[in-house]
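Me: Could you walk me through some side-chain features of this model, one question at a time?

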Amino acid sequence: MKKAIIVGGGISGLATAWLLREKAKNAGMELEIALLEKEERVGGKIRSIKADGYLCEWGPNGFLDNKPQTLDLCRDLQADSQLLRSNDNARKRFIYSEGVLHQLPENGPSFFKSKLISWPGKLRLALEPTPLITKAPDGVDETLAAFGRRRLGDEALRKLIAPMVSGIFAGDPETMSLQSCFPRIAELEREYGGLVMAMVKLAKKKKQELAEGKAVASAAGPGGILTSFRDGLQTLTEIIRGQLGCEMLSVGEEVVRICKGSSVPYRVETASRDLDADVVVLATPAYATGKMLEGLDSAMTGILGQIPYATMSVVCFGYEQDKISHDLNGFGYLIPKGEGMNILGTLWDSSIFENRAPQGRVLLRSMMGGACFPEYIKLSDEEVQRRVCDNLKTIMGIAAPPDFVRIFRHEKAIPQYTVGHGKRLQALLDAGRNHQGLLLTGNSYRGIGLNDCVAAAERSSNEVMEHLQKR
């Protein structure tokens, strides 16, 4: 019987194991699958913590429904009936700038009415579709900041692009790669010559498809609708864990080394035993994967060590609702770096999803740190709480102390797709040709979101099947 070992029990490893088991079963292949996780629990950064009637997400709080991968997985797991869509008001998102929360415009007329961007900034944005704006440089891995300045101007970079980058990646646009972080945007510029022209032509295409009765994107637009579960995102990982069962899953077992095997292709060494495998899938963070591969391929270890990670502190505050006079009808807000605040932004979690706070109370979740403020991870809990309280008082007028506080620290929260990331991935692919049956998956490579991880798991499980069917 052939054997596959998957290392890492986050969503990437769990989804890979489950998908691989189903594919092998459907193909009539006898395949022994083992999933090894060094922690005593599975789920990785997906963790939903219930305390005092609140539901706090330790890491991500959902996924967008505009891509099929996660929805398909939930359906196949028969978990789709437990899905919870975010409140429609969560489409209202804000940027804090110059002492004011500005709602992000949803269309052209509202953009010109908005005071978020000054009139000189709006005029600069209006130049985007004209020949005055230079094209993307050939063969250059452009930073997000360089792209923003070139196409949209400095003000749009500061007030729109930079907060978005910090909100998604906790990253610094001065170092992040456009092609690796937002390949679709780079593709739209190449195909249509600019973002405005792309939006105009895609809108016409959508209108035509509607007239022809073809399926088009949801009414929520290209961003999709944020989706989770009533009892938190951990519901998904727990359902997969339950379906895999104890016979496939081994927790509290850390892999220390991957080596070439003698009678089989690979040997996986843990602190307590050695395991043989025909195929190994490493669904671990880049830094952990590199450490495991030190004795097998030092070049791959070196490349993996070049993928940096941003720190992050997640700060959950609970309040009695009548102590907050600010309107919480929305998703929350992001803060440009130059505003002098200590937090990257705050999500109004109890407004986004039901069941996140007890009756008559609200839950706010603030993010602190990121690539621009890595030193914040070292602050004491008392200092973190003080700074977040000060920021919430300035931005939302909240003078009362929180009744509920939880602080979650992530020393290595989110991989950073900095300039050169594409070349690093290609180098890993080239080196990997010497190790057939060894696969790398997870959010370190081609997308950090839950949808990206599930899509990567689908690719990995397909590659495993193709490899084993050839042997």
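**Rings, charges and cysteines**

Reply: Let's start with F317, which is buried at 1% relative accessibility; buried means under 20% relative accessible area, exposed over 50% and partly exposed in between, with a 1.4 Å probe and protein chains only. This is a predicted model, where local features need pLDDT of at least 70, side-chain atom pairs count only at pLDDT 80 or more, and totals for chains, interfaces and linings use all residues. Residues are numbered from 1 along each chain as its sequence is written, and side-chain values use heavy atoms, leaving out hydrogens and water.

Me: How many aromatic pairs are there, and how is the one between F112 and W119 arranged?

Reply: Rings of Phe, Tyr and Trp (its six-membered ring) pair if their centres lie within 6.5 Å; planes under 30 degrees apart are stacked, over 60 edge-to-face, and the rest tilted. The whole structure holds 10 aromatic pairs. F112 and W119 have centres 6.3 Å apart and planes at 25°, so this pair is stacked.

Me: Which residue has its charged end over the ring of Y376?

Reply: A charge sits over a ring if NZ of Lys or CZ of Arg is within 6 Å of the ring centre and within 35 degrees of the ring normal. Here the charged end lies 5.3 Å from the centre of the Y376 ring, and it belongs to R387.

Me: How many disulfides are there?

Reply: A disulfide is a pair of cysteine sulfur atoms within 2.5 Å. The count is zero.
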